[in-house]
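Here is a note for a colleague opening this structure for the first time. Please keep the model in view while reading.

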Amino acid sequence: MQDTIDRVGPIKPVSTAQPEELAILVGVQTPDSKWDVNSSLDELERLADTADVKVVGRITQRLAAPDPRTFIGKGKLRELADMKNATGATVVLFDDELSPSQERNLEDELKCKIIDRSALILDIFARRARTKEGRLQVELAQLEYRLPRLTRMWTHLSRQGVGGVGLRGPGETQLEVDRRQSRERITHIKREIEQVRKHRKILREHRKAEGLPVVSLVGYTNAGKSTLLNKLAGADVLAEDKLFATLDPTTRQVRLPAGMLSLWTDTVGFIQKLPTDLVAAFRATLEEILEADVLVHVVDITHENAEEQAATVNETLRSLGAADKPTVVALNKVDKLAPDLDSGLPSLEDLPDNYVLISAELGWGIDTLLSKVEQVLESNLRELDVLLPYSEGALVDLFHKYGQVRTEEFTHAGTHIRGKLPEKYVSLMRRYETAESRSGD
Ligand SMILES: Nc1nc2c(ncn2[C@@H]2O[C@H](COP(=O)(O)OP(=O)(O)OP(=O)(O)O)[C@@H](O)[C@H]2O)c(=O)[nH]1
Ligand SMILES: [Mg+2]
């Protein structure tokens with residue numbers, strides 16, 4: 001409309017974008033809360049910022065349990081309504097997942113959009129997903145989240161022309177269709193995702209056949225996983241000071257100090273209060289983690305909630321069934337702790353053996369990290385004693401390439417090798433194991 005306005009001089013530039021959304025944050029501290037309510041709201045504010053929503057106020061309440069009808073108590077609700085009117089807020093962001101009926105009641109009382117943490121995260125995911133797989137996963141999560149809320153949303157909000165945060169993304173058109181169609185779409189997407197999973201599985205098996213060990217970067221969102229991968233492999237992964245910069249997995253080859261080649265995968269970060277079904281929607285992506293030989297858990301050691309964040313990551317890994325993976329913990333961003341040092345790291349005496357201090361940005365501690373990962377990979381080696389027939393020359397090559405050959409004899413029956421081999425090839429060799437080797441199990 002105003003695109004002929006010259007953007008010079010005193011004329012205020014007119015944005016063609018939607019009017020900025022103004023939000024009030026609401027958090028409740030219960031005896032069960034693992035995080036302090038204000039730290040959690042700080043994080044919610046960062047999420048809002050990532051979704052281009054400006055925060056104009058916050059309200060907190062201590063409760064034994066959330067109010068089943070309106071999540072917060074009556075008095076607080078009145079306070080919230082007053083704040084909304086005073087600030088001109090267009091949306092209220094709740095830090096916890098609301099039930100469909102709580103959401104409806106709050107909408108009726110406050111006459112504005114009510115969005116909870118899950119919906120906000122989904123909104124961010126929707127903007128960030130780039131690959132077909134990512135988009136499918138987000139759409140599925142959105143449909144499943146919206147299904148019980150659907151009728152309300154489109155009669156109430158869409159007819160008023162309300163759009164913007166929480167109502168964006170691949171699932172947007174679905175708001176205008178009925179539940180039955182949504183369910184059909186869910187079935188359809190699930191089938192497509194199943195295809196993607198199969199395809200991924202084939203890729204992984206292919207990678208496995210190539211024999212490179214897989215290292216998976218895991219960690220809280222914004223910990224520095226992508227920065228680390230970029231440093232290691234010159235990968236061109238978007239790293240920025242926003243939450244959930246990465247949604248789609250990227251894999252790069254990295255040579256370890258003693259010469260072993262490895263594949264490093266960077267994937268979606270974790271966050272507290274992420275409902276399990278939302279995590280489940282990313283199962284295809286997260287399966288990468290389950291396939292890894294080693295996890296590198298990146299922690300932003302300078303974050304005031306570093307400990308809580310690390311605990312959240314460990315919990316999420318547990319729920320994915322990946323808690324027992326060998327893990328190296330990389331305490332990142334130490335450059336921020338030592339602004340006067342231009343190289344070298346502050347030493348932390350009592351650090352456990354599988355911990356390492358790094359600065360992904362400046363490249364500090366990277367060699368130590370790589371050595372530790374290599375050590376773990378080597379400790380995955382299995383002692384083996386095999387007699388490989390001459391027709392199985394490829395297996396002999398494989399042993400030489402990925403294992404450590406201690407003795408090799410050429411007998412009339414084939415090549416007799418004693419040495420160590422990464423666990424994952426052992427099955428290929430099984431039928432050629434000598435009695436000696438088997439008795440050693
Ligand atoms: N000072 C400092 N900043 C860092 C370091 N590593 C990462 N950062 C910054 O931290 C922010 C987040 O980094 P990313 O690499 O995007 O983090 P991520 O773990 O990939 O985050 P998600 O993709 O959102 O899960 C960026 O602004 C980086 O520049 C570091 O070693 N030192
Ligand atoms: Mg990232």
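1. Ground rules. This is a predicted model, in which local features need pLDDT of at least 70, side-chain atom pairs count only at pLDDT 80 or more, and totals for chains, interfaces and linings use all residues. Residues are numbered from 1 along each chain as its sequence is written, while chains are lettered from A and ligands numbered from 1 in the order in which they are written.

2. Overall make-up. The protein has 15 helices and 13 strands. Both are DSSP runs, numbered from the N terminus: helices are H or I with at least four residues, strands are E with at least two. Of the 441 residues, 38% are buried. A residue is buried if 20 or more other C-beta atoms lie within 10 Å of its own, exposed if 12 or fewer, and partly exposed in between; C-beta atoms are placed from the backbone. Among contacts with a separation of 6 or more, 69% link residues 24 or more positions apart. Two residues are in contact if their C-beta atoms, placed from the backbone, lie within 7 Å.

3. The six-stranded sheet. This open sheet has mixed pairing and the order β6-β7-β5-β8-β9-β10. Strands pair if DSSP finds at least two bridges between them. At the edges stand β6 and β10 (355–357), each with a single partner strand, so one side of each has no neighbour in the sheet. Neighbouring strands are turned by 25° against each other on average, direction ignored. Axes here are lines fitted to C-alpha atoms, for helices over the stretch in contact, and angles run from 0 to 180 degrees between N-to-C directions.

4. Pairings within that sheet. Strand β5 (residues 214–219) runs parallel to β7 (residues 261–266), with four bridges. Val-215 stands opposite Trp-264 in β7. Strand β6 (residues 250–255) pairs with β7 in the antiparallel sense, over six bridges. There, Val-254 faces Ser-262 of β7. The β6–β7 hairpin has five residues between the strands, and Gly-259 takes a positive phi near 110° in it. Strands β8 (residues 294–300) and β9 (residues 327–332) run parallel and share six bridges. The bridge partner of Val-298 in β9 is Ala-330.

5. The three-stranded sheet. This open sheet has antiparallel pairing and the order β11-β13-β12. Its edge strands are β11 (381–388) and β12 (404–410), each pairing on one side only. The twist averages 15° from one strand to the next. Eight bridges join β11 to β13 (residues 415–422). Asp-385 stands opposite Arg-418 in β13. Helix α13 (residues 393–402) packs on this sheet, touching β11, β12 and β13, and its direction makes about 45° with that of β13.

6. Helix α4. How far apart are the end C-alpha atoms of α4 (residues 117–128)? They are 17 Å apart, which agrees with the 16 Å that its twelve residues should span at 1.5 Å a residue. The expected span is 1.5 Å times one less than the number of residues. Eleven of the twelve residues are buried, so α4 is largely enclosed by the rest of the structure. Among the buried ones are Leu-120, Phe-125 and Arg-128.

7. The ligand shell. Ligand 1 is surrounded by 23 residues; the closest are Gly-224, Ser-226, Asp-241, Thr-246 and Gly-269. A residue counts as near if its C-beta atom, placed from the backbone, lies within 6 Å of the molecule. Helix α8 (residues 225–233) gives the largest share, three residues. The shell has six nonpolar, ten polar and seven charged residues. Ala, Val, Leu, Ile, Met, Phe, Trp, Tyr, Cys and Pro count as nonpolar, Asp, Glu, Lys and Arg as charged, and the others, Gly among them, as polar.

8. Two residues to check. Asp-52 is not a glycine, yet has a positive phi of about 60°. Asp-52 sits in the loop between α1 (37–50) and β2 (53–62). Phe-71 has a positive phi too, near 65°, and lies in the loop between β2 and α2 (74–87). Is Phe-71 buried or exposed? Phe-71 is buried, because 25 other C-beta atoms lie within 10 Å. Asp-52, with 15 within 10 Å, is partly exposed.
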